[in-house]
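Please look at the helix packing in the structure shown here.

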Amino acid sequence: QQSKTRSAVRECCIGGLAGSLACIVTNPLEVAKTRKQLQGELLPPGAYARHYGGVLSTLATIARADGALAIQRGLAPGMAYQVVMNGIRLGAYQLLDNSGLSRDDEGRPVAWRCVVFGAACGALGGFAASPLYLIKTRLQAQSSLAVGHQHHLRGTWHGLVSLWSQGGLLSMWKGSTVQTARVMVGSSVQLATFSVALRKLEDAGLSVSPLLMQFLASCLSALAVTSAMSPLDTLSTRIYNQPYGPDGRGLVYSGLLDALVKVVRVEGLTGLYKGAMAVFLRLGPHTVLSLVIWARLRHLLPEASPAG
């Protein structure tokens, strides 16, 4: 039992560390993605000023308007979110994989099992870390070139205190439904494609290093997860950043379905893919970095033998 507890703690720590290290590199792209997704919210194309253009020009605009450090806005809650979300998500998934539940009798990953376990672990991690993602989104939306509602937060702690003052513990999980759905979809696709692709590459007998195999499998996973997550990513940004009334209800969107209908009706289907290039450029490197770091840490930190 003690060995199982150590194993669970180890897997959660490795998963959280992998995600938070990747976040340091990809957070500027997350800031750009958030601004692009909020630009022209519920306005038809051409009816709003476009402060933010392509990804590089968006980052340059942010730096000019708010200073160079603004491209790392929301880094603290972003890293904390990765520690909690990926600590639970990757840690729980690896424990299930270690138990053999995601594999067949010959030890090969079974795609549908990877999808189911990836979704379940993602839902758990996404829900637990939802308050941190909410604060991260609101901080990244704040700018002198404002897009979306401005919450005027001074930092992570102020964001948590502000949420608590609006309704206690329950208010901390505003918008958690869409976040849970977002991570469920992304996690199921990411972990399933990574596990299956890595096994296929290993079975192919390629004379390449394990690190290169992990990198190639991560690239395939990144393409899949970007395609699947973009609409939910946009909707989660909108729902998290909206203002809320005294009763705790959103003043713009009542939930995931309401947000979907309103965005498509006013902005068209393309509204769901606002900032899609920023989403890809952020999710791609983040997926590759987090999965490669995760796999390498598991290789470099072998499980300790149980005490005698």
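## Helix α3 against α7

Helices α3 and α7 pack at an angle of about 50°, with their axes 12 Å apart (axes are lines fitted to C-alpha atoms, for helices over the stretch in contact, and angles run from 0 to 180 degrees between N-to-C directions). The two are therefore oblique to each other, a class left over once angles under 35 degrees count as roughly parallel, over 145 as roughly antiparallel and 65 to 115 as roughly perpendicular. On the side of α3, Y81, M85, R89, L90 and Y93 meet Q179, R182, V183, S187, Q190, L191 and S195 in α7, where contact means heavy atoms within 4.5 Å.

The model is predicted, so that local features need pLDDT of at least 70 and side-chain atom pairs count only at pLDDT 80 or more, whereas totals for chains, interfaces and linings use all residues. Residues are numbered from 1 along each chain as its sequence is written, and side-chain values use heavy atoms, with hydrogens and water left out.

## Helix α3 against α10

With helix α10 (residues 276–300), α3 packs at an angle of about 55°, the axes being 13 Å apart, and α3 and α10 are therefore oblique to each other. Here Q82, N86, L90, Y93, Q94 and N98 in α3 meet R282, H286, W294 and R298 in α10.

## Helix α4 and its cover

Helix α4 (residues 111–128) has 18 residues and reaches 26 Å from its first C-alpha to its last. Its buried residues (under 20% relative accessible area, with a 1.4 Å probe and protein chains only) include C114, G118, A119 and C121, and what covers the buried residues of α4 includes α3 (75–98), α5 (130–141) and α7 (176–203).

Notes: Helices (H or I, at least four residues) and strands (E, at least two) are DSSP runs, numbered from the N terminus. The expected span of a helix is 1.5 Å times one less than its number of residues. Buried means under 20% relative accessible area, exposed over 50%, partly exposed in between (1.4 Å probe, protein chains only).
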